[in-house]
Amino acid sequence: PITLTGRVTNESGEPVAASIIIKGTKFGTFTNNEGYFELKDVDENATLVITGVGIEPVEVKVNKRTSLAITVKIKSAETQGVI
């Protein structure tokens with residue numbers, strides 16, 4: 001198992017509030033105010049599921065990396081149900 005750190009930002013490079021869950025488990029964490037997160041005891045072949053309000057969900061494979069920079073897309077007004 002590895003300790004994984006990373007940052008979640010939007011397409012403009014701004015930090016995003018997001019939930020990071022290890023796919024297939026209930027284990028995960030949240031980003032801080034600057035978009036950073038840390039997960040301990042992660043399988044090096046795990047897949048992370050990143051979700052949050054106003055962003056499109058994304059899955060990221062760890063692939064033995066210990067640091068990740070994750071860019072998420074902001075949901076458009078149409079996909080958020082805003083008229």
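How many bridges join strand β2 to β3, and which way do the two strands run? Three bridges, and the strands run antiparallel. β2 covers residues 19–22. Within that pairing, Ser-19 stands opposite Phe-30 of β3.

Some ground rules. This is a predicted model, so to speak: local features need pLDDT of at least 70, side-chain atom pairs count only at pLDDT 80 or more, and totals for chains, interfaces and linings use all residues. Residues are numbered from 1 along each chain as its sequence is written, and side-chain values use heavy atoms, with hydrogens and water left out.

Strands here are DSSP runs of E, at least two residues, and helices are runs of H or I, at least four residues, numbered from the N terminus. Two strands pair if DSSP finds at least two bridges between them.

Now the sheet. It is open, has four strands, and the order is β3-β2-β5-β6. The pairing is antiparallel. What stands at the edges? β3, residues 28–30, and β6, residues 58–61. Each has a single partner strand, so one side of each is left without a neighbour in the sheet. Neighbouring strands are turned by 20° against each other on average, direction ignored. The axes behind that angle are lines fitted to C-alpha atoms, for helices over the stretch in contact, and angles run from 0 to 180 degrees between N-to-C directions.

Next, salt bridges. The rule: a side-chain nitrogen of Lys or Arg within 4 Å of a carboxyl oxygen of Asp or Glu. The count comes to two. One joins the side chains of Lys-23 and Glu-59, at 3.0 Å, N to O. This pair links distant parts of the chain, 36 residues apart. Lys-23 sits in the loop between β2 and β3, and Glu-59 in strand β6. For accessibility, buried means under 20% relative accessible area, exposed over 50%, partly exposed in between, with a 1.4 Å probe and protein chains only. Lys-23 is partly exposed, at 47%. Glu-59 is also at 47%, and counts as partly exposed. The other bridge is Lys-40 with Glu-38, at 3.7 Å, N to O. Glu-38 is partly exposed, at 42%.

Two residues to look at for phi. Most residues other than glycine have a negative phi. Asp-41 has a positive phi of about 60°, and it is not a glycine. Asp-41 lies in strand β4, residues 36–42, and is exposed at 63%. Lys-64 is not a glycine either, and its phi is positive, about 65°. Lys-64 is in the loop between β6 and β7, the latter at 67–72. Lys-64 is exposed, at 55%.

On to Asn-10. Buried or exposed? Buried, at 9% relative accessibility. Asn-10 belongs to strand β1, residues 2–10. Its side chain reaches the backbone nitrogen of Ser-12 at 2.8 Å. Contact means heavy atoms within 4.5 Å. Not counting residues up to four places away in sequence, Asn-10 touches Val-16, Thr-71, Val-72 and Ile-74.

Last, Glu-56. It is in the loop between β5, residues 47–51, and β6. Glu-56 is partly exposed, at 34%. Leaving aside neighbours within four places in sequence, its contacts are Ile-50, Lys-73, Ile-74 and Lys-75.

Definitions and conventions:
A polar contact is a pair of N or O atoms within 3.5 Å; within protein, one must be able to donate a hydrogen and the other to accept it, and residues adjacent in sequence count only if both atoms are side-chain atoms.
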